[in-house]
Amino acid sequence: LYGATLDPSLWDAAIGEARDFVGGSAAAIFAKDVARTTLTVFHHDGGLQPEYVHTYLDRYMALDPANSAHFFAGIEVPVSTVDFVDFDEFHQTRFYLEWAQPQGLVDFIAVAIEKTATTSAHFGVFRRTADGIADEPAKRRMALIAPHVRRAVLIGNAIELKAAETAAFAEVFDGLSTALFLVQANGRIVHANAAGHACLSGSGFVHAAGGRLTIADGGTHRALADILAAAERGDDAV
């Protein structure tokens with residue numbers, strides 16, 4: 001799970017391993033918006049047939065008796081079908097007869113990993129006939145893994161946000177017509193914008209020697225080196 005925060009391509013496999021640990025046939029990380037009756041699936045193990053996912057979104061989400069239970073459940077608290085509806089009653093619902101039963105689904109166990117005023121995000125495991133009803137051992141395993149799923153999702157979100165901020169900064173930086181260089185105290189170039197690369201390759205005034213920003217005029221280069229060394233000690237030193 002934590003590896004997937006650095007390599008998002010690992011999420012589906014990680015969800016599959018979490019599913020196997022809890023015990024089930026399919027699993028997903030998803031969010032429901034109760035105000036707009038929408039569902040967003042972030043990661044899944046491919047255990048549900050796509051056509052059933054589509055019909056859930058188009059037709060059956062509003063009929064799902066789990067909506068309220070999942071929205072009001074505590075963070076990281078496992079909730080299964082029997083916790084919010086009698087099985088005999090559940091088996092009489094249109095949701096079960098038209099959506100769950102044709103897939104052989106007999107139970108669903110989930111934990112909330114993040115909540116807002118109108119949305120809730122969950123990690124959920126579907127259980128088919130061969131898996132049986134979610135028992136106490138399955139709920140204990142879900143309770144054990146829930147904090148790790150939640151942390152991994154939150155870390156992944158933070159990394160994605162930081163990457164987006166970095167990309168936006170780089171786009172603005174590279175779009176400036178002035179040649180700009182981000183450098184370390186020893187002059188090593190960390191990043192140069194497009195105009196900076198053009199300057200290095202064409203002006204003859206500045207160039208990169210061993211990855212360091214170098215000015216052709218010796219006196220100016222020494223002045224630059226002094227400024228960079230002072231900058232490392234703070235604004236007062238500059």
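I began with ring contacts in this predicted model, and I counted 8 aromatic pairs in the structure.

Among them I looked up Phe71 and Phe72, which make an edge-to-face pair with 5.2 Å from centre to centre and 85° between the planes.

Because Phe108 belongs to strand S4 (residues 105-115) and Phe126 to strand S5 (residues 119-128), the pair ties together parts that are 18 residues apart in sequence. I found Phe108 buried, with a relative accessible area of 13%, and Phe126 likewise counts as buried, with 12% relative accessibility.

I also recorded one aromatic cluster, which is formed by Tyr56, Phe90, Phe95, Tyr96 and Trp99.

Returning to Phe71, I asked which charged end sits over its ring. I found that of Lys115, placed 5.8 Å from the ring centre.

My last entry concerns helix H2 (residues 11-22), whose 12 residues reach 16 Å from the first C-alpha to the last, close to the 16 Å expected at 1.5 Å a residue. I listed the buried residues of H2 as Trp11, Ala14, Ile15, Gly16, Ala18, Arg19 and Val22. While reading that list I kept in mind that an α-helix has 3.6 residues a turn, so residues three or four places apart point the same way. After H2 comes Gly23, for which I noted a positive phi, near 105°.

Technical notes: Residues are numbered from 1 along each chain as its sequence is written. This is a predicted model: local features need pLDDT of at least 70, side-chain atom pairs count only at pLDDT 80 or more; totals for chains, interfaces and linings use all residues. Side-chain values use heavy atoms; hydrogens and water are left out. Helices (H or I, at least four residues) and strands (E, at least two) are DSSP runs, numbered from the N terminus. The expected span of a helix is 1.5 Å times one less than its number of residues. Buried means under 20% relative accessible area, exposed over 50%, partly exposed in between (1.4 Å probe, protein chains only). Rings of Phe, Tyr and Trp (its six-membered ring) pair if their centres lie within 6.5 Å; planes under 30 degrees apart count as stacked, over 60 as edge-to-face and the rest as tilted. A charge sits over a ring if NZ of Lys or CZ of Arg is within 6 Å of the ring centre and within 35 degrees of the ring normal.
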